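Thanks for asking me to look this one over. Here are my notes, as numbered points you can follow with the model open beside you.

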Amino acid sequence: MTGTHSLSYLQALRKPRLAAFLAGDLVSRIGDGMTLVALPVIVLGLPSELPAALKLSLVYAVPLAAPLLVSLFFGLGRRRFDPAVTTAADFVLRISFYGLAAALALAGTLSFGWLVALLSAGSVLRSLGSGARRLFALGLAGPEGSYAVNGMIGLSLGAGMFVLGPACGGLLLLWGPAAPALLANAGTYAVLLAALLAVRRSGAETQSRPADQSAAVSGWSILRSKPRILRLFAVLFLYDLFYAPVEIALPLLMLDDLDQPSTALGTIWACYGFGALAGAVAVNYLRRFPPAPVLVGVIAGWALCVAALGLAGTGTAAFVAFAAAGFVYAPFNPLVFVVLQSQLAEHEQQPVFTLWTAGLTAALPLGLAVAGPLVTAFQAWQSLLLSAAVSLALAVAALAVLRNELWPDTGGRPGRRNRRSVPAETKTG
């Protein structure tokens, strides 16, 4: 799935059904980006006796609980789902409950409790639908489109959620209340749902069909039978876990250590977003290289960028370091799924993707719980250096886990010929 047999972005987009679905995916990411800007404004404008910080944390954390449980149910069990049907159901829930929340907000009758409940109901299939969306797109592209599809999903995420969406959301806030942005989010998912239905009606069945239920095994059973993937999951779980101190330490670094104005926080995240967008474009060219060594390089490169951020002496240096971090990190998720696909049979991908997404979804809230005391105990720049050191150690661990993919003809050891690959006539001749 790498090298000359992999499709470029342009080659993949010549498949009309795939192009239509990915266009809808980009539109939906713009809606997510608008919500990213508007939701805090809506939350803080609702009457409640809870402190503002607690209100925000509840709105972000509570809707993650149900999708995590649903993903664990499917990932740990033997049930299979149709990616197209699951994706459509996720979109219908998002459209219905986000639209209802927006309507109540516009009518002035939305309470904080109802907002949390409606966002939670609209997100029940969020994690499961994320994996199903990827599987559906991969089925439209075929095996040779693995790199292109994973890369373009990352590109639409970076461009839509972190660049175009926040810009559109900011414009809406300039013109009036924040509720229309939530309504627009529901509208963008209606566009994606229409694209999905049109693609399903327009051609042959996709390759991502549900597996035979009688022959199905759980995602956990598959992971246990493939120790290398299980070890890789442990490495990447810790990698995501120790990303959290960056989010907690960054505001303190900018505002206290570097004495920057509050607007610098928006600037540095914009730098990260543009770096991530460039990195997502670069994935198109990484298909020429084996994914495993590039993945190890991404983890090590992220560690070096975070270290540079911690050592930054000026705001400008911090902006540059974080933009570089966005560029380096952008290929991470596409590469992870490409590596996973190279290790899994087609019928194993659905349960493993589902369990993988659920496990890594849990890493961020756990990491944030650890990061608070960690950043409190150390200075912001020290916390960043600690996070960088852990990430660098995890790059070494990933190097060990993926050594067979790095040196496939040497038994996993650089510079050593694998005797089993020598033809018999050579040994006896």
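Predicted model: local features only at pLDDT ≥ 70, side-chain atom pairs only at ≥ 80, totals over all residues.

1. Residues are numbered from 1 along each chain as its sequence is written, and side-chain values use heavy atoms, with hydrogens and water left out.

2. Now the overall build. The chain comes to 19 helices and zero strands; helices (H or I, at least four residues) and strands (E, at least two) are DSSP runs, numbered from the N terminus. Of its 429 residues, 49% count as buried, where buried means under 20% relative accessible area, exposed over 50%, and partly exposed in between (1.4 Å probe, protein chains only). Among contacts (heavy atoms within 4.5 Å) between residues at least 6 apart in sequence, 84% join residues at least 24 apart.

3. On to the interior. In soluble globular proteins, nonpolar side chains tend to be buried together. A nonpolar core is taken here as a set of buried Ala, Val, Leu, Ile, Met, Phe, Trp, Tyr and Cys residues joined through side-chain atoms within 4.5 Å. The largest one has 86 residues, and Trp302, Leu309 and Trp356 have the most contacts inside it. Helix α13 (residues 291-311) gives the most to this core, with eleven residues. A second, separate core has 21 residues, including Leu46, Leu118, Ala178 and Leu182.

4. Trp356 deserves a click of its own. Leaving aside neighbours within four places in sequence, Trp356 is in contact with Ile229, Leu232, Phe233, Leu236, Val336 and Leu340.

5. Thr87 is found in helix α4 (residues 83-107) and is buried, with a relative accessible area of 0%. The side chain of Thr87 reaches the backbone oxygen of Pro83 at 2.6 Å. Not counting residues up to four places away in sequence, Thr87 touches Gly129, Ala132, Arg133 and Leu196. Ser120 sits in helix α5 (residues 112-122) and is buried too, at 15% relative accessible area.

6. Which charged side chains pair up? A salt bridge is a side-chain nitrogen of Lys or Arg within 4 Å of a carboxyl oxygen of Asp or Glu, and by this rule the count comes to five. One of them joins Glu144 and Lys15, with the closest N and O atoms 3.8 Å apart. Glu144 lies in the loop between α6 (126-141) and α7, and Lys15 in the loop between α1 (9-13) and α2 (16-44), so the pair ties together parts that are 129 residues apart in sequence. Glu144 is partly exposed at 29% relative accessibility, and Lys15 is partly exposed at 28%.

7. Arg133 is buried at 7% relative accessible area, and Asp25 is buried at 1%.

8. Glu348 and Lys226 also meet in a salt bridge, at 3.7 Å from N to O. Glu348 lies in helix α16 (residues 346-377) and Lys226 in the loop between α9 (219-225) and α10 (227-241), so the pair ties together parts that are 122 residues apart in sequence. Glu348 counts as buried at 13% relative accessibility, whereas Lys226 is partly exposed at 22%. Salt bridges that share partners also join Asp25, Arg29 and Arg133 into one network.

Terms used. Polar contact = N/O pair within 3.5 Å; in protein donor to acceptor, adjacent residues only side chain to side chain.
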